[in-house]
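Student: I would like to learn how to read a protein interface. Can we work through one together?

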Amino acid sequence: MAIRTEPVTINIGPQHPSTHGVLRLRVTFDGEVIVDVEPVFGYLHRGSEKLAEERNYVQVLTLTDRLDYVASMTNNQAYCIAVEKMLGVEAPLRGQYLRVLAAELQRAASHLVATGFLLQDLGALATPLMYCFRFREKILDLFEMLCGARITVSYMRPGGVFSDAPPDFWPALDDLMQEAPHLIQELEQLLMKNEIVLVRTKNVGVLSAESAIASSVSGPVLRASGVAWDWRKMDPYDIYDRLEFDVPVGERGDNYDRFRVRIEEVKQSLRIVEQCRDEIHPGPVRADVDAEAIDLVLERRGEAEKPLAEGPVRAELPFVLRPPAGAEAYGRVEAPKGELAFYLVSDGSIAPYRCKIRSPSLINLTVLRELLVGWKLADMIVTLGSIDINMGEVDR
Amino acid sequence: MTRAVQGEELAGYVRQKFPDAVCQWKGESLWIEPSDLREVAEFLRDEPDLDFKFLNSVSAVDYVQYFEVVYHLTSLEHNHSAVVKTRLYSREAPTAQSVVAVWPGADFQEREIYDLMGVSFEGHPNLKRIMLWEGFPGHPQRRDFEDVVTY
Amino acid sequence: MTPFLQENVVFREVYCFLGGNEGNASWCGGDGLLPGGFEWAAYFAAGFVIMFILVNAALLGAAVFVWSERRLLARFQARRGPNRWGPWGIFQPIADLLKLIIKEDIVPNAADRLAFTLVPIIMLMALLLSLAVMPFARNTYLVNLNVGILYIIAVSSMSTIAIFMAGWSSANKYAMFGAMRGVAMLISYEIPLVLSLVGVVLIVGSMSLVSVVEAQTVPFLLVQPLGALVFMLGISAELNRTPFDILEAESEIIAGYHTEYSGIKFALIQAAEMAGVLAASGFLATIFMGGWSGPFWSGQLGAFWFLVKLAGFVMLFIWIRATFPRLRIDQIMAFAWKFLLPLALINFLVTAVQVYFFGFYQGDVPGELTRNELWIMAAINIPVALIAIGIFGRFSREKVRVPEPVFQNIAPSPRTMEVD
């Protein structure tokens with residue numbers, strides 16, 4: 001006798017413990033097995049791109065913090081690089097070092113959050129999460145010293161960073177760097193040989209390299225699939241071309257590889273931070289421009305009327321920027337989630353004419369359906385966690 | 001470093017295969033006729049010298065007289081990148097050809113452009129609103145959009 | 001007068017204080033407070049006192065367990081845990097309970113009201129019933145059933161029905177998922193759970209828990225290592241604790257079968273679950289660690305020894321919960337059928353042969369194995385257990401064992417710029 005069965009459709013989210021925000025997945029199940037998945041977005045849509053059109057170039061920076069709010073530093077960096085490309089300005093060396101240092105600390109923090117929540121999704125009762133967050137807290141404390149904020153940092157500016165690191169930042173960084181290997185080791189001991197973690201993640205949610213490239217997947221997800229592609233290596237921005245680091249690459253592209261690649265990247269990030277700490281030397285942190293040569297300077301906060309001194313005047317990049325009309329730039333960085341890029345178009349005014357955000361989280365979700373169909377509900381949660389999305393960035 | 005393939009160089013390649021497809025080029029950008037977009041995209045992906053297998057992003061810019069859809073492409077093989085653009089002159093029903101069949105990664109981005117910019121993509125498998133709800137009046141990313149929501 | 005009641009310390013004291021030997025209770029030895037003809041009142045009062053003590057002990061125990069679990073988990077997770085309300089936060093569960101009682105008790109419109117309301121009652125009842133046969137100290141138990149072990153298994157299976165009722169009556173798909181998983185998993189784990197206790201029953205020759213304690217001249221943890229392992233794993237599946245907590249996996253199906261429960265109903269379900277851990281630890285202590293018998297003063301300090309052992313097992317449960325992620329449903333089922341069941345059967349077979357062999361010298365009387373014989377059994381069973389676990393562990397892991405990933409690293413980039 002045949003049992004009459006019918007598929008069940010469940011809305012997972014927008015309020016669900018492990019959709020990492022307000023993602024909604026309309027999932028059709030046959031028993032426990034997934035037949036169809038359709039992600040539904042938009043619950044956190046704030047129209048950042050539209051808002052950016054009504055703010056000047058520096059003000060837009062605060063919007064970028066709110067995109068991927070667990071990795072604000074890299075968002076800042078991507079935006080600043082895009083603006084600098086448009087202006088043809090380059091940040092001074094110390095500014096670049098500080099940027100890379102902050103961005104790498106942020107990458108470590110973001111990957112720790114991703115790892116912690118992945119393990120939380122696996123059902124480990126908050127222990128790995130707390131281990132990860134303990135480490136992340138220390139990094140956020142450093143950010144607080146750098147710029148006074150922990151999450152929405154707004155630390156960088158077009159042309160560098162807004163202020164130099166305070167003197168007590170460096171000893172605090174030293175403390176963290178001394179502690180970090182121990183913290184990482186503890187995390188690895190807890191997770192790497194855990195039979196259940198291995199059973200649950202290995203060979204689950206396998207993403208082939210071809211499929212990853214075709215679907216424009218980037219970041220650790222792409223690298224876990226065996227594609228050695230890291231924008232820090234391939235198109236070095238800031239000072240990445242003078243730093244030594246490896247790009248960890250997975251083999252099969254399953255959940256375990258994604259999770260493992262992130263842990264390895266945390267180690268590499270710490271390595272980069274160490275190099276930055278050792279190589280940085282005094283200097284300006286914000287680009288100065290030749291005030292005579294460029295007509296970038298529109299208003300300089302009361303200084304505009306001052307007569308120009310003799311000889312070339314070096315002035316700090318002003319608050320109000322005005323890139324030439326028709327200029328456009330595609331500034332990208334390797335954010336923790338993947339390739340984060342800002343496509344800026346200028347019409348010569350003080351606000352960007354168009355600010356398109358290429359968000360890695362949204363585009364990485366393209367492969368979701370491919371990864372999930374045929375697997376079980378429990379695997380779905382883990383796979384979603386291993387892609388590491390952030391709804392602030394998906395919906396923007 | 002990723003080499004930016006200049007529009008002129010790219011135009012040379014495209015013109016060999018599709019003599020009428022290229023509108024113009026300037027700097028890094030290459031403008032393509034919207035009617036040839038899908039075929040050119042396929043060519044860009046499959047041509048071994050170009051090998052643009054990775055679609056970075058699809059953007060749309062509203063220049064009021066026309067819409068411009070911008071494709072940023074990268075070849076992971078040769079580590080070079082290109083910018084391909086197409087202009088749509090209709091204000092009421094701007095329609096471009098969908099490249100989802102060429103690069104599946106364009107799926108959500110084209111839906112987003114359709115939602116926020118009102119550019120529809122011919123041949124997209126699932127073209128519906130992504131960020132806003134069905135029935136939202138207008139397309140907020142357009143320059144002439146006026147907020148009709150009353151609170 | 002039912003004979004098993006007079007063995008109960010509390011019952012005897014209360015009954016004799018009130019009723020004395022007026023009726024047929026010749027074992028009281030003196031007159032009670034109540035006049036003749038009111039033995040029923042004494043009987044009722046004595047029963048009520050026992051119930052009162054047992055129910056309150058279970059619920060308060062659950063509260064203490066909640067507190068200790070939260071504190072310990074916090075320690076495992078490098079944080080502090082509840083520490084505001086009372087010394088070391090010890091009144092935290094009471095505050096939680098008050099909050100839950102005050103909260104609105106929501107019943108979904110589409111729910112089957114009767115079944116929905118019955119669920120917490122059945123869950124708590126199943127738990128409290130199972131406590132009836134547990135010997136807390138020498139001569140301190142509600143009843144000494146001669147089918148005690150069977151009774152525990154029968155009663156604790158009732159929670160499966162409660163879980164299914166909860167999932168079905170909530171009219172919630174997540175709850176239904178939880179119930180589906182729950183029924184599949186719990187019924188599967190019943191089988192190794194029952195089989196793991198057969199060895200103990202064979203050795204003792206009785207199903208009474210009191211006899212089990214008295215027969216343990218050597219802790220059965222040593223004599224029955226496989227049985228203890230299977231029972232421990234099986235019971236933690238029955239209790240829905242990690243790594244087997246798929247039926248209330250909060251990262252997957254919100255809260256599983258009790259998604260729709262709130263207020264006092266939720267509190268009761270939680271209490272049943274938490275007290276369930278205590279009960280399971282109590283049975284583990286009783287069956288495998290000798291219950292109230294300790295190294296010295298077992299008679300006087302019986303309750304103390306019992307509590308120490310119970311606390312040890314509780315600690316073990318919390319430790320497991322803090323450490324392990326959750327398994328997927330198919331892996332859990334495979335674990336039950338491919339790993340636990342064979343182990344339980346091996347244990348059954350080996351024990352049966354040993355009991356038959358040792359019993360051979362003692363005529364046909366089962367049980368009554370001497371201390372030396374138990375030690376010999378332990379010496380045989382521990383290696384058997386290790387070998388069996390090794391073989392079946394390898395066997396059941398074969399499918400998931402894949403080669404360790406080799407991480408390629410791109411070579412470090414050359415330094416293209418010089419530091420200026």
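Tutor: Ground rules come before the interface. This is a predicted model, where local features need pLDDT of at least 70, side-chain atom pairs count only at pLDDT 80 or more, and totals for chains, interfaces and linings use all residues. Residues are numbered from 1 along each chain as its sequence is written, chains are lettered from A and ligands numbered from 1 in the order in which they are written, and side-chain values use heavy atoms, with hydrogens and water left out.

Student: How many residues of chain B are in contact with chain A?

Tutor: Contact means heavy atoms within 4.5 Å. Here, 42 residues of chain B touch 38 residues of chain A.

Student: What area do chain B and chain A bury between them?

Tutor: Buried area is the accessible area (1.4 Å probe) that two parts lose on being put together, summed over both. For this pair the value is about 3300 Å², with 54% of it on carbon and sulfur atoms.

Student: How many salt bridges cross the interface of chain B and chain A?

Tutor: A salt bridge puts a side-chain nitrogen of Lys or Arg within 4 Å of a carboxyl oxygen of Asp or Glu. The rule finds four across this interface. Lys85(B) and Glu328(A) form a salt bridge, at 2.7 Å from N to O.

Student: How is chain C divided?

Tutor: Domain bounds come from an automatic or database domain assignment. Chain C has domain 1 (3-47) and domain 2 (103-395). Their C-alpha centres lie 35 Å apart.
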